[in-house]
Every structure is written in structure tokens, then in C-alpha cells.
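This briefing accompanies the sequence and the three-dimensional structure shown below. Please keep both in view while reading the points that follow.

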Amino acid sequence: MPWIALTHPPDTLGILALALLIEAVAGYPDGLYRALGHPVTWIGRLIAALERRLNRGTPRARRLGGVLALLILLATVAAATLVLTAIAGLAGHALGLLALAVLAASLPAQRSLFVHVRRVAAALRADGIVGGRRAVSMIVGRNPESLDEAAVCRAAIESLAENFSDGIVAPAFWIGAGGLTGGALYKAINTADSMVGHRTPRYDAYGWASARLDDLVNLPASRLTALLLIAAAALTREASPSGAWRAIRRDAGHHRSPNAGWPEAAMAGALGLRLAGPRIYGETRVEDAWMGDGRAELGPDDIFRALKLYRTACALQFTLVATGAVTWAYLS
């Protein structure tokens, strides 16, 4: 059946290479977002609806409700994307591949991440700490009023490193492994974790399954992201691949997240910075280990250095995927 061929290598690598290229060039158009929304917003509406109905009762009932909600979410996303894959397969191999790539391009966020992080540096330069706090509040959950300029810059770079992993490399990994369905299932898990996977009275039991599964599916991407940043550092002036490697070995395992420490430590070590450490979310102070042993007093120029490293890593990822797709196609 033609749709089956579009869900296995080398086709998933071809879908991924085209999706990364399309997203890097065009992003997700604002007009399309205003007209139709975004796959993440559609997934989010389903998560919210399920949470309203199933997050009630005793802690045990809430945990079971969270498991059931996650299963319903994944079954719905899988069914929808398998239907889309089947329809694309009817259009023929080339057109089907392109159609799936266009759909898959909505899953990674290379362009928007770059734009949002660069906006923090630009705001600091143009409007000082007030503008920087306003811009960084759009990409991090910590209390912006508690941040001085150095902390705003650290928050922006930490967000860049972590979101490179779970917003770009992870969906790319799962698109490569399972086509549109693999990438969409990952996005559903990651969105569920961001919405309900919090250690608060309301979500601690209900979001348990989403948080644990998100940790699992992000594990390979966090390690791959660290390797991409090491490789990018080797190609970037004033960046140190050996520094990135040392920081990963020394610090990544001490992060409170089983995955976030890898890209954050790699970014910190590559640029000679110190990231993470104690932070304030709302009114709560979170004690976290430092990633890297360099400077903690950062400025807008450090954000631009991090963005340069990030763009090189994105280019490396695309090159590896495209090479793999061409190689598989040639050998088959």
C-alpha cells in the first residue's frame, strides 16, 4: 500500500529533511495561525477538555484519570495522522512526501525559537531591563521582576538550549523514526507535560503519566542535542567543544531535570558561561545546580553568541538528515 511506504525510512528522513527546510525558511505563517490555529493549540484544547472531566476525586482517581486522558490523547492524534498519511499516499510518492513534509513542518520550531530569543537581546539593547524582562517573560515561566540583566540573559540562553532539545531535535528525532505520526505523538506528549505535568496540588497526581512519559521520549533528543552543540562549537569561533564536553560530564547529571541539563551544560561549556542555578518561578525559589563554570554576569552579546551556536547546530542537524535521506534513497 502506498501510504505504508511513506511511513518508513528512507521516506521518513525525506519528510524530515523537507520539513526542517520548509520550517527554517517560512516558519508557521501568522495568517495561517490566525485562520486555523496550530496543531499544538488543537492538541491543547483536547488536553484541557479531558482535564476538566477527568482530573477529580482522590489522588488515586486523579492519577488514573491522567493515564486515561493520555491514552485518549495519543489514540486521537495517532488516528488523525495515520488518516492524513494514508490520504497523502494516494497522491503518489513525490506529492505524498511533500504533503507530509508540509504538515510535519508545523512540529519543529527552529525559526520561532530564534526570533523569540533574539527579541530578548534586542529589547535589552533598545529598552533596557524593562524591555528585556517583558521579552523574556514570553519564553520562560520564572518571575521576570526578580531578574536583573544578567539573569534575563541567562534565562534566554537556557530557554534556547532547552527548547532546541525538546522543541526541535526531539520532534525531528520522532519524525525521522515514525513520520508525521511519530512527530505528532511526541508533540502531544510534550504539550501534555507542559500543561498538566506540574508538581502542584491540582496536577501532581493527574499529570504524573504525562510528565514521566515526556521524560522518556525526550531522553534520546537531549543527548543528541548535546552532541550537536559540541559539533557546532567545533565550527564556531570563540566556542569550545572541549569546554562543552567537560561541562556535560561534570554538570548535566546534577540538573533537576533528567534531560534539560544536557543541552544547558553543553551550551554553557561551549560559550564559557554559567547557566541555570537558583531561580524564582512565581513566588517559589527553585534551587538548581549551575551548568558550566564560566561567567554568570551575561549581557546581550552573549545571547547573540548563543544564537550563532544554535544556528550552526540547526544547520548541522539538517545536513545530517538530508545526507541520510539521500543515502537511503540511493541505496534503496
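Contact, as the word is used throughout, means heavy atoms within 4.5 Å. The model is a predicted one, in which local features need pLDDT of at least 70 and side-chain atom pairs count only at pLDDT 80 or more, while totals for chains, interfaces and linings use all residues. Residues are numbered from 1 along each chain as its sequence is written, and side-chain values use heavy atoms, with hydrogens and water left out.

**Overall build**

- The protein has 12 helices and four strands, where helices (H or I, at least four residues) and strands (E, at least two) are DSSP runs numbered from the N terminus.
- The radius of gyration, taken over C-alpha atoms, is 20 Å, which agrees with the value near 20 Å for a compact globule of 332 residues, the globule rule being 2.2 Å times the number of residues to the power 0.38.
- Along the principal axes, the C-alpha atoms of the protein fill a box of roughly 60 × 55 × 40 Å.
- Of the 332 residues, 50% count as buried, a class that means under 20% relative accessible area, with exposed meaning over 50% and partly exposed lying in between (1.4 Å probe, protein chains only).
- Among contacts between residues at least 6 apart in sequence, 70% join residues at least 24 apart.

**Helix packing**

- Two packed helices are described by the angle between their axes and the distance between the axes; the axes are lines fitted to C-alpha atoms, for helices over the stretch in contact, and angles run from 0 to 180 degrees between N-to-C directions.
- Helix α4 (residues 39-54) packs with helix α5 (residues 59-90) at an angle of about 150 degrees, their axes being 10 Å apart, and the two are therefore roughly antiparallel to each other; angles under 35 degrees count as roughly parallel, over 145 as roughly antiparallel, 65 to 115 as roughly perpendicular and the rest as oblique.
- Helix α2 (residues 11-26) and helix α8 (residues 149-196) have axes 7 Å apart at an angle of about 145 degrees, and their crossing is right-handed.
- In that pair, Thr 12, Ile 15 and Leu 16 of α2 meet Ala 172, Ile 175, Gly 176, Gly 178 and Gly 179 of α8, and the contact residues divide into four nonpolar, four polar and no charged.
- The axes of α9 and helix α12 (residues 300-331) come within 8 Å and cross at roughly 110 degrees, so α9 and α12 are roughly perpendicular to each other.
- Residues of α9 including Leu 228, Leu 229 and Ala 231 meet α12 residues, among them Leu 309, Thr 312 and Leu 316; this contact has nine nonpolar, two polar and no charged residues.

**The loop between α9 and α10**

- Thr 236 lies in this loop and is buried, with a relative accessible area of 8%.
- Leaving out residues up to four places away in sequence, Thr 236 touches Lys 308, Leu 309 and Thr 312.
- Glu 238 lies in the loop between α9 (208-234) and α10 (241-251) as well, but counts as exposed at 64% relative accessibility; its phi is positive, about 65 degrees, although Glu 238 is not a glycine.

**Other single residues**

- Ala 276, in strand β1 (residues 275-276), also has a positive phi, near 65 degrees, in a residue other than glycine, and counts as buried at 2% relative accessibility.
- Asn 218 lies in helix α9 and counts as buried at 5% relative accessibility; beyond its neighbours within four places in sequence, Asn 218 is in contact with Asp 166, Ala 170, Tyr 186, Asn 190 and Asn 259.
- Gly 299, in the loop between β4 (290-291) and α12, counts as buried at 15% relative accessibility and, not counting residues up to four places away in sequence, touches Glu 149 and Cys 153.

Definitions and conventions:
A crossing is left-handed if the near helix is turned anticlockwise from the far one by less than a right angle, and right-handed if clockwise. Ala, Val, Leu, Ile, Met, Phe, Trp, Tyr, Cys and Pro count as nonpolar, Asp, Glu, Lys and Arg as charged, and the others, Gly among them, as polar.
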